[in-house]
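Open the model and keep the sequence beside it. How does one read such a picture, feature by feature?

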Amino acid sequence: MKVIAIANQKGGVGKTTTTWEIGSCLAAEHKKVLVIDLDQQANLSDYVDADPKKATIYDLLKADNAVEDALQHLDEFDFIAASEKLSKADKEFSAPEDIYLLKSLLEYVDYDYVLIDSNPARNTLLNMCYIASDYILIPTECDAGSITGIDAIYGDLMKYRKLNWSNAQVLGLILNKYEKTSMHTLALETLGEKAEEMGNAPFIMTVRKSIKASESKLALQSMQKYNKYGNPAMDYRKVAAKIIEMTQEA
Ligand SMILES: Nc1ncnc2c1ncn2[C@@H]1O[C@H](COP(=O)(O)OP(=O)(O)O)[C@@H](O)[C@H]1O
Ligand SMILES: [Mg+2]
């Protein structure tokens with residue numbers, strides 16, 4: 001089982017979109033996939049039209065429910081929904097050992113891939129992701145803020161790796177909403193430098209910008225369903241193929 005957290009402390013860079021598309025693509029490649037929405041905004045839970053009667057990841061972290069109570073069997077993948085109560089996470093899960101809660105939960109499931117959509121904050125939930133994950137996938141936009149966000153994520157990850165609490169590596173950097181402009185070329189260069197510093201040769205790939213990304217969400221469909229031959233959908237299939245290639249080597 002490979003656990004991949006999709007992370008960037010900046011909002012709006014494409015974490016949720018990436019989680020959904022990659023989940024969809026891996027499922028299309030006959031992988032058994034679990035997607036967890038770990039963002040209090042619960043965007044992905046809304047988009048996949050999650051069952052509100054089911055327990056959420058918050059209930060599982062609180063140990064109020066068993067994993068089965070939260071598992072939702074959707075068309076493409078299994079899903080565990082978020083709850084707005086996750087906003088209380090820093091207060092609720094403040095004991096030092098609580099950082100292992102997510103990792104412990106995952107011992108109860110068996111999938112080829114677990115994908116975790118994370119919140120745009122460097123809080124206890126994101127720290128739980130570093131501990132629970134084998135890989136971190138970082139979507140970013142071209143702007144300085146979301147590119148600097150990568151350093152923060154990497155710094156936090158390194159902290160946990162040095163303590164031997166985490167074995168996670170950065171799997172790849174995705175320059176999302178890509179267009180052929182000189183700014184984007186420059187951003188790709190910067191990402192290249194950052195990837196080099198990371199040592200383990202994470203991939204750098206682009207996902208092109210398209211209004212279909214927003215349209216598909218209004219239709220409550222992944223782009224893999226809504227607009228399969230659109231640019232972002234095709235780009236995400238390439239990213240998923242790369243992910244399979246890189247995680248199978250390991
Ligand atoms: N490739 C893309 N082209 C155009 N818009 C995109 C693309 N990827 C994501 N978006 C849009 O950008 C917004 C933020 O994306 P989202 O995945 O919710 O980011 P995050 O989870 O990081 O906050 C959404 O409206 C989404 O539809
Ligand atoms: Mg999101």
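The dialogue below moves from the ligand to the residues around it and then to other parts of the chain.

Q: Before we start, what kind of model is this?
A: The model is predicted.

Q: Where does ligand 1 sit?
A: Look at the pockets. Ligand 1 sits in the largest pocket.

Q: How many residues surround ligand 1, and which are the closest?
A: The shell holds 16 residues. G12, K15, T16, T17 and K177 are the closest.

Q: Which kinds of residue make up the shell around ligand 1?
A: Sort them by class. Three are nonpolar, eight are polar and five are charged.

Q: How do I read the contacts of ligand 1 with the protein?
A: Look for pairs of N or O atoms within 3.5 Å. Take K15 to begin with. An N or O atom in the K15 side chain is 2.9 Å from an oxygen atom of ligand 1. Next comes K177. A polar atom of the K177 side chain also lies 2.9 Å from an oxygen atom of the ligand. Then turn to R208. Here a polar backbone atom is 3.0 Å from a nitrogen atom of ligand 1.

Q: How much of ligand 1 does the protein cover?
A: On its own, ligand 1 has 560 Å² of accessible area. The protein covers 84% of that.

Q: Where is K177 found, and what is its phi?
A: K177 is in strand 7, which spans residues 169-178. Its phi is near 60°, a positive value in a residue that is not glycine.

Q: Where does A201 lie, and what is its phi?
A: A201 lies in the loop between helix 9 (182-198) and strand 8 (203-208). Its phi is near 55°, a positive value in a residue other than glycine. A201 counts as exposed because its relative accessibility is 54%.

Q: What about M183?
A: M183 has its place in helix 9. It counts as exposed, at 54% relative accessibility. Now compare sequence and space. M183 and Y108 are 75 residues apart along the chain, and their C-alpha atoms are separated by 45 Å.

Q: Why is helix 7 largely enclosed by the rest of the structure?
A: Start with the general idea. An α-helix has 3.6 residues a turn, so residues three or four places apart point the same way. Now count along the helix. Nine of the nine residues in helix 7 (residues 124-132) are buried, so the rest of the structure largely encloses it. Among them are L125, N127, Y130 and A132.

Q: Where is N119 found, and which residue does its side chain contact?
A: N119 is found in the loop between strand 5 (113-117) and helix 7. N119 is buried, with a relative accessible area of 2%. A polar contact of 2.7 Å joins its side chain to that of N123.

Key:
Residues numbered from 1 in each chain as written. Chains lettered and ligands numbered in written order. Predicted model: local features only at pLDDT ≥ 70, side-chain atom pairs only at ≥ 80, totals over all residues. Heavy atoms only, no water. Helix = DSSP H or I, 4+ residues; strand = E, 2+ residues; numbered from the N terminus. Buried < 20%, exposed > 50% of the residue type's maximum accessible area, 1.4 Å probe, protein only. Near = heavy atom within 4 Å. Polar contact = N/O pair within 3.5 Å; in protein donor to acceptor, adjacent residues only side chain to side chain. Areas by Shrake-Rupley, 256 points an atom, 1.4 Å probe, with all protein chains shown as cover. 1 Å grid on protein atoms, 1.4 Å probe; cavity = no way out; pocket = protein on both sides within 12 Å on 5 of 7 lines; lining within 4 Å. Sits in = over half its atoms within 2 Å of the grid points. Nonpolar A, V, L, I, M, F, W, Y, C, P; charged D, E, K, R; others polar.
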